[in-house]
Amino acid sequence: MVYIFENVLEIGELSLQHLQFVGISILIAIVLAVPQSILIWKITWLRVPLLGLMGIFYTKILAGSIVVTLLAWILNIGLQTLERYTTPSTPRFSKAESP
């Protein structure tokens with residue numbers, strides 16, 4: 001609880017950044033989904049090919065994001081960002097656990 005009160009501005013800034021990312025993602029999804037749904041509704045023979053293509057497309061995006069996340073974790077990319085948000089008074093390792 002103390003962390004929240006000590007970092008209210010930073011938490012607010014990061015929350016706004018998160019809302020921006022989510023808003024952009026939702027807008028992109030709407031821009032892609034609405035025309036596709038209208039097209040599928042009007043041209044019925046496109047249902048199977050278009051839905052299959054979009055299934056592959058979304059699966060590739062999900063798989064790509066998983067690969068990027070795993071690579072970032074394996075290569076320690078983004079560690080500086082993590083260290084930025086940890087308090088200096090909190091040690092990362094105890095003396096017995098230090099590498």
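**Note on a helix pair in a predicted model**

1. Start with two helices. H2 covers residues 8-42 and H3 covers residues 47-74. Their axes come within 9 Å and cross at roughly 160 degrees. The model is predicted.

2. What does that angle say about direction? Angles over 145 degrees count as roughly antiparallel, and H2 and H3 are therefore roughly antiparallel to each other. The crossing of H2 past H3 is left-handed.

3. Next, the residues that meet. H2 brings Leu32, Gln36, Leu39, Ile40 and Trp41. H3 brings Arg47, Leu50, Leu51, Met54 and Tyr58. By class, the residues of this contact are eight nonpolar, one polar and one charged.

4. Gln36 deserves a look of its own. Gln36 lies in helix H2. Is Gln36 buried or exposed? Its relative accessibility is 18%. Buried means under 20%, so Gln36 counts as buried.

5. Which residues does Gln36 touch, once neighbours within four places in sequence are left aside? Gln36 is in contact with Leu50 and Met54.

6. Now the whole protein chain. The chain has four helices and zero strands. Read from the N terminus on, its elements run α-α-α-α.

7. How much of the chain is buried? The chain has 99 residues, and buried residues make up 6% of them. Gln36, at 18% relative accessibility, counts as buried.

8. Last, the surface. The protein chain exposes about 8800 Å². Carbon and sulfur atoms supply 74% of that area.

Methods:
Residues numbered from 1 in each chain as written. Predicted model: local features only at pLDDT ≥ 70, side-chain atom pairs only at ≥ 80, totals over all residues. Heavy atoms only, no water. Axes fitted to C-alpha atoms, helices over the stretch in contact; angles between N-to-C directions. Parallel < 35°, antiparallel > 145°, perpendicular 65-115°, else oblique. Left-handed = near helix turned anticlockwise from the far one by under 90°. Contact = heavy atoms within 4.5 Å. Nonpolar A, V, L, I, M, F, W, Y, C, P; charged D, E, K, R; others polar. Buried < 20%, exposed > 50% of the residue type's maximum accessible area, 1.4 Å probe, protein only. Areas by Shrake-Rupley, 256 points an atom, 1.4 Å probe, with all protein chains shown as cover.
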